[in-house]
Amino acid sequence: DPNLTPTLYKLTNNGFLWDYGCANQPDLLKVLGANLVSTEIMFRFFNNCSALDEVKNFKSTKVTSMSYLFDGCLSLKKVPELDYSKNKAFEGMFANCKSLSSIPPIDTSKATGPMYYMFKGCTSLTGVPLLDTHNVNNTLEMFKGCVSLKSVPLLNTTSVTNMGSMFEDCESLTSIPLFDT
């Protein structure tokens, strides 16, 4: 479609990166279709798609990087259950998804490195699924600004060296499970 705002850049044979101009493009998956089947890198894939309210299921079996995947998707209300089993990078994945109230189960067993900003600014989020965080080293501002968050699962924080402002402004959160640091 010649009227599309975003530009798709091919990074490798297996990865794509959207420029940051995909705001107000609600039909991205219809445009991309089967191109996602072999994608390994989805860094900032839907970044700032503010009108995107739902993402349909798509093949994600080869994806190893979903950092900032949905960052800035202000209208996103539903995320499909995707195959996260090979994904290693989760930082900022749902940041600023202000309309998202729940997250489906996420396999984070391959997560290495940081999970900072993962849910930052998700003002409608009330809870998150169990997350495998045994290899995560940074949870800085992971839930910051999640004003509707009522509960969080027990997180393995033995490898975490930075938990700064992890629960800042989580005014609906009344208790946090003990951390094992």
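**Fold, core and cysteines of the predicted model**

Residues 24 or more positions apart supply 50% of the contacts in the protein chain that have a separation of 6 or more. The model is predicted. The protein chain contains 1 helix and 4 strands. Their order along the sequence is β-β-α-β-β.

Burial and surface were computed for the protein chain. It has 181 residues, and 46% of them count as buried. The accessible surface is about 8400 Å². Carbon and sulfur atoms hold 49% of that area.

The largest nonpolar core comprises 41 residues. Within this core, the residues with the most contacts are F46, F70, F94, F119 and F143. The surroundings of F119 illustrate the packing. Leaving aside residues up to four places away in sequence, F119 touches two of these phenylalanines, F94 and F143. F119 also touches I103, L125, V128, L131, M142 and C146.

The cysteines were examined next. The structure holds 0 disulfides. For C97, the closest cysteine sulfur is that of C122, at 5.1 Å. A disulfide requires the two sulfur atoms to lie within 2.5 Å, so the sulfurs of C97 and C122 are too far apart for a bond. C97 has 0% relative accessibility and therefore counts as buried. C49 is also classed as buried, because its relative accessibility is 0%. The cut-off for this class is under 20% relative accessible area.

Technical notes:
Residues numbered from 1 in each chain as written. Predicted model: local features only at pLDDT ≥ 70, side-chain atom pairs only at ≥ 80, totals over all residues. Heavy atoms only, no water. Buried < 20%, exposed > 50% of the residue type's maximum accessible area, 1.4 Å probe, protein only. Helix = DSSP H or I, 4+ residues; strand = E, 2+ residues; numbered from the N terminus. Contact = heavy atoms within 4.5 Å. Areas by Shrake-Rupley, 256 points an atom, 1.4 Å probe, with all protein chains shown as cover. Core = buried A, V, L, I, M, F, W, Y, C linked by side-chain atoms within 4.5 Å.
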